[in-house]
Amino acid sequence: VTLVSAYAVHLGEQITVDKYLDTVMDSARQGRLEDIFQSCVEELGVPLAELPRSARIALVERLRQQNAVAFPKAVPFVSEKLGVSRYTIYKYLRET
């Protein structure tokens, strides 16, 4: 075993550990995003399926105040939950 091959194995292991840690962190962020989203929906007091446009905008504003829109993949997550496009969420963000 040469020093170069040993280092390459070490790098391979490090990359695997880094990917694992990234996966764990992504999972934790996603869980936190879901918690924040659910909390904001509960604050509105209206079932998600019945939210009028004004309440959806208010929800997006609450998510912004909680810094939830800064999470990776937050906009696609919120758009899926609300049943609107990502572009609609960006529009709501501009309106708040």
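Begin by selecting asparagine 67, which counts as exposed because its relative accessibility is 53% (exposed means over 50% relative accessible area, buried under 20%, partly exposed in between, with a 1.4 Å probe and protein chains only). The model is predicted: local features need pLDDT of at least 70, side-chain atom pairs count only at pLDDT 80 or more, and totals for chains, interfaces and linings use all residues. Residues are numbered from 1 along each chain as its sequence is written, and side-chain values use heavy atoms, leaving out hydrogens and water.

Asparagine 67 lies in the loop between α2 (53-65) and α3 (74-82); helices are DSSP runs of H or I with at least four residues, numbered from the N terminus. Although not a glycine, asparagine 67 has a positive phi of about 60°. Most residues other than glycine have a negative phi.

Next, select lysine 73, in the loop between α2 and α3. Lysine 73 also has a positive phi, of about 65°, and it counts as exposed because its relative accessibility is 67%.

Now select Leu82. Leaving aside neighbours within four places in sequence, leucine 82 is in contact with residues including Phe37, Leu59 and Ile89 (contact means heavy atoms within 4.5 Å).

Finally, display α3 and α4. Val75, Pro76, Val78, Ser79 and Leu82 in α3 meet Arg86, Ile89, Tyr90 and Leu93 in α4.

Conventions: Helices (H or I, at least four residues) and strands (E, at least two) are DSSP runs, numbered from the N terminus.
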